[in-house]
Amino acid sequence: MIPSPADLGYFMEIAQTQNVSRAAERLGISQPSLSLAIRRMEQQLGVALFIRSKRGVSLTQAGRQLLAKARHLLQTWEEVRAGALASMEEVQGTYTIGCHASVALYALSGFLPGLLAAHPKLDIQLKHDLSRKIAEDVISMKVDIGIVVNPVRHPDLVIHPLCKGELTLWTSEKGGYATQDLTGGKAVLICDPELAQFQSLALQLAKRGMTFDRTITSGNLEVIADLVAHGCGCGFIPARVALRARQKLKRVPKAPVFYDDHCLVFRVENKGVKSIQAINKAIKDFFERMG
């Protein structure tokens with residue numbers, strides 16, 4: 001166990017005065033309390049720090065080693081403490097924002113430039129993964145703020161709705177490809193099976209008699225959109241991704257639709273952190289403008 005800053009301060013005062021009674025007077029605490037603090041430090045460190053005599057106290061070899069480092073330890077502690085306080089009261093420090101790569105492509109450039117310009121002491125790290133993994137990383141404190149789809153409620157999380165989204169089946173606007181003809185028996189499905197919504201949509205497709213001869217899988221929704229645009233098959237794509245595709249896509253008629261909730265998530269104890277508040281506001285403002 002590491003000695004507390006208060007105990008280190010007591011130790012340094014005794015080392016300077018070489019007298020426990022005088023040190024107690026200068027510190028404004030009782031002599032028994034001061035003696036108890038030193039015994040506590042010696043137990044924590046596993047060594048004797050002082051040699052006691054009738055004339056006062058003197059440092060042991062271990063005590064001299066500790067005294068040489070104590071001022072640096074206290075200075076480091078004050079710097080850490082000041083940084084922690086500043087993070088609560090000022091917009092500064094390093095924070096990680098997590099979201100799916102596809103969300104990043106339509107959202108991050110909408111709020112990050114203004115956020116960074118307004119707060120020059122703020123450093124942002126980015127992490128991209130599936131929404132459920134980003135939410136897990138927020139809970140485990142690997143990510144500070146997440147923009148996630150359909151988060152599961154958790155006692156450690158604050159969840160703020162941002163917007164609605166749709167995931168459905170898309171095809172090329174040009175048409176004419178056998179791989180996109182759901183009536184010809186040669187249609188190809190292109191999808192990311194890791195998406196939580198996929199299983200539900202796949203079951204609904206089967207119930208509606210929409211079957212596929214083959215399946216192509218990809219973990220990148222933009223790649224799926226591009227393959228669909230070039231006639232490789234029909235793809236499960238979020239509407240925002242499909243509408244951003246380089247070539248125009250269109251919805252497959254009568255295909256099932258999964259309605260998503262895009263949400264901002266962060267840990268409850270970070271509500272009062274100024275930097276978290278500033279980042280959250282920038283994200284919320286962007287989604288409100290986007291509509």
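Visitor: What should I know about the model and its numbering before we start?
Guide: This is a predicted model in which local features need pLDDT of at least 70 and side-chain atom pairs count only at pLDDT 80 or more, while totals for chains, interfaces and linings use all residues. Residues are numbered from 1 along each chain as its sequence is written, and side-chain values use heavy atoms, with hydrogens and water left out.

Visitor: How many aromatic pairs does a search of the whole structure find?
Guide: The search finds five aromatic pairs. Rings of Phe, Tyr and Trp (its six-membered ring) pair if their centres lie within 6.5 Å; planes under 30 degrees apart count as stacked, over 60 as edge-to-face and the rest as tilted.

Visitor: Why is the pair of phenylalanine 111 and phenylalanine 286 called tilted?
Guide: Their ring centres are 6.5 Å apart and the planes stand at 50°, so the pair is tilted. The pair links distant parts of the chain, 175 residues apart: phenylalanine 111 is in helix 5 (residues 101–118) and phenylalanine 286 is in helix 10 (residues 274–290). Helices (H or I, at least four residues) and strands (E, at least two) are DSSP runs, numbered from the N terminus.

Visitor: Is phenylalanine 111 buried or exposed?
Guide: Phenylalanine 111 is buried, with a relative accessible area of 4%. Phenylalanine 286 also counts as buried, at 9% relative accessibility. Buried means under 20% relative accessible area, exposed over 50%, and partly exposed in between (1.4 Å probe, protein chains only).

Visitor: Which residues form one aromatic cluster?
Guide: Tyr106, Phe111, Phe286 and Phe287 form one aromatic cluster.

Visitor: What about helix 10, how far does it reach?
Guide: Helix 10 has 17 residues and reaches 24 Å from its first C-alpha to its last, close to the 24 Å expected at 1.5 Å a residue. The expected span is 1.5 Å times one less than the number of residues. Buried residues of helix 10 include Ile276, Ile279, Ile283, Phe286 and Phe287. An α-helix has 3.6 residues a turn, so residues three or four places apart point the same way. Glycine 291 follows helix 10, and its phi is positive, near 80°.

Visitor: Turning to cysteines, how many disulfides does the search find?
Guide: The search of the whole structure finds zero disulfides, a disulfide being a pair of cysteine sulfur atoms within 2.5 Å.

Visitor: Which way do strand 6 and strand 11 pair?
Guide: Strand 6 (residues 157–172) and strand 11 (residues 258–267) pair in the antiparallel sense over ten bridges. Two strands pair if DSSP finds at least two bridges between them. Leucine 167 stands opposite phenylalanine 258 in strand 11.

Visitor: What else pairs with strand 6?
Guide: Strand 9 pairs with strand 6 in the antiparallel sense over four bridges, with leucine 169 opposite phenylalanine 236 in strand 9. Three bridges join strand 6 to strand 10 (residues 249–251), and these run antiparallel. Threonine 171 has lysine 250 as its bridge partner in strand 10.

Visitor: How much space lies in the largest pocket?
Guide: About 520 Å³ lies in the largest pocket. On a 1 Å grid over the protein atoms alone, a pocket is an open set of points where a 1.4 Å probe fits, with protein on both sides within 12 Å along at least five of seven lines; lining residues have an atom within 4 Å of a point. Grid points are joined across faces, edges and corners, and the volume is the space filled by probe spheres set on the points.

Visitor: Which residues are closest to its centre?
Guide: Of the 33 lining residues, Ser131, Arg132, Val149, Asn150 and Gln197 are the closest to the centre of the largest pocket. Helix 6 supplies the largest share of the lining, five residues.
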